[in-house]
Amino acid sequence: MKHTSKLPNLETTIFSVMSALAHKHNAINLSQGYPNFESDKTLQKLVAKAMDNGYNQYAPMPGTFGLREAIAKKFDLLYRSTYHPESEIVVTAGATQAIYTAITAFIRPEDEVVVFRPAYDCYVPTIELNGGKAISIQLEAPNYAINWDEVKTKVSYKTKMIIVNTPHNPSGTVMSKEDMQQLEAITRDTNIIVLSDEVYEHIVFDDEQHQSACLFPELKKRSFITASFGKTFHNTGWKMGYCCAPKDLMNEFVKVHQFNVFSVNHPMQKALAVYLQNENHYLELASFFQAKRDLFLELIKDSKFKFSASKGTYFQAVDYSQISTQNDEAFCKWLTIEKGVAAIPISVFNKDKYDQKMIRFCFAKTDDTLKQAADILNQI
């Protein structure tokens with residue numbers, strides 16, 4: 001039998017490649033974006049309690065009402081902008097499933113979707129699987145600022161969606177209030193949907209405020225917001241997230257969701273509903289990760305890597321051009337195999353693997369791990 005691939009040019013994800021290489025060579029893994037420390041034992045005990053109490057069968061399709069209600073209260077607390085728990089919030093199997101579902105619900109063949117590169121690696125394949133066309137706008141290192149005049153030239157009658165990601169993976173930058181206002185102005189009086197990937201919403205540094213799409217009335221009425229409990233509460237393996245949107249958009253989202261996963265982990269939902277009642281569980285994340293960012297950057301400040309401090313996420317982008325002329329994929333493999341520290345090459349997230357001599361480190365690690373990695377990086 002012969003089959004034609006729907007994604008003929010897709011390679012194995014760089015996260016799998018670099019983590020496997022790190023494991024093979026016993027390298028310190030600062031590549032894939034997950035912590036090497038445990039999540040809160042209190043949360044784990046709440047999951048076990050929910051299991052013991054019999055919440056082991058299917059959850060309601062959009063999620064347990066208690067968790068959806070807790071999410072609505074969180075939006076009200078943080079942004080004075082809420083979503084109705086009955087019709088505007090759906091609990092998902094991680095943010096990636098939410099992103100996939102939102103794109104699948106609306107993108108038809110020949111629809112265009114504006115994507116800012118570097119971009120999280122699920123965006124473009126999902127667009128293409130649905131017959132859409134990704135219109136890539138390449139951002140320039142090290143600031144990765146959006147040229148909104150360029151965006152205006154890329155938007156046309158074919159534009160169905162614009163995807164934004166703030167705080168931004170992999171660059172560690174954040175969109176400003178002015179950025180969001182520009183997006184709001186460009187999409188006003190159009191049928192363009194905004195997909196706002198906000199999985200790092202609680203990890204914004206230096207007393208800056210996360211500029212959620214829901215803070216801007218014209219954006220909110222056309223936007224999906226996707227979020228991740230896995231990123232927030234240090235348990236990425238649980239694959240728990242959620243999506244918020246106005247009712248008219250969410251009605252279409254649910255039509256795909258019900259046949260994609262139907263519902264997600266019941267006892268974890270019950271646990272998270274209780275855990276979210278203590279707002280400090282997410283309000284303290286910014287200071288927690290800023291301490292790790294500051295430690296890591298202080299440790300490597302005398303190295304040959306150049307950087308501007310990450311403004312959000314738990315990633316730090318660095319320029320290695322003073323060390324090597326290799327392309328970033330080759331450099332990351334050399335760094336892993338020969339020096340024992342794994343990182344992610346940023347070119348894989350760029351248009352046509354545009355190499356800017358930038359790599360990404362994950363600093364969601366124990367202090368000891370960061371110190372061990374820094375000792376190696378400083379000797380290069």
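This is a predicted model: local features need pLDDT of at least 70, side-chain atom pairs count only at pLDDT 80 or more; totals for chains, interfaces and linings use all residues.
Start with the helices. Two packed helices are described by the angle between their axes and by the distance between those axes. Here the pair is helix H1, residues 14–24, and helix H14, residues 328–339. Their axes lie 9 Å apart and form an angle of about 20 degrees. Angles under 35 degrees count as roughly parallel, and H1 and H14 are therefore roughly parallel to each other. Their crossing is right-handed.

Which residues in H1 and H14 meet? On the H1 side they are Met18, Leu21 and Ala22. On the H14 side they are Cys332, Lys333, Thr336 and Ile337. Sorted by class, the residues of this contact comprise five nonpolar, one polar and one charged.

Now turn to empty space. Rolling a probe the size of a water molecule over the atoms shows where such space is left. The largest pocket has a volume of about 800 Å³, and 26 residues line it. Nearest the centre of the pocket are Asn9, Leu10, Glu11, Pro125 and Val348.

Which element gives the most to the lining of the largest pocket? That is H5, with four residues. By class, the lining has 14 nonpolar, five polar and seven charged residues.

How values were computed:
Residues are numbered from 1 along each chain as its sequence is written. Side-chain values use heavy atoms; hydrogens and water are left out. Axes are lines fitted to C-alpha atoms, for helices over the stretch in contact, and angles run from 0 to 180 degrees between N-to-C directions. Helices (H or I, at least four residues) and strands (E, at least two) are DSSP runs, numbered from the N terminus. Angles under 35 degrees count as roughly parallel, over 145 as roughly antiparallel, 65 to 115 as roughly perpendicular and the rest as oblique. A crossing is left-handed if the near helix is turned anticlockwise from the far one by less than a right angle, and right-handed if clockwise. Contact means heavy atoms within 4.5 Å. Ala, Val, Leu, Ile, Met, Phe, Trp, Tyr, Cys and Pro count as nonpolar, Asp, Glu, Lys and Arg as charged, and the others, Gly among them, as polar. On a 1 Å grid over the protein atoms alone, a cavity is a set of points where a 1.4 Å probe fits but cannot get out, and a pocket is an open set with protein on both sides within 12 Å along at least five of seven lines; lining residues have an atom within 4 Å of a point. Grid points are joined across faces, edges and corners, and a volume is the space filled by probe spheres set on the points.
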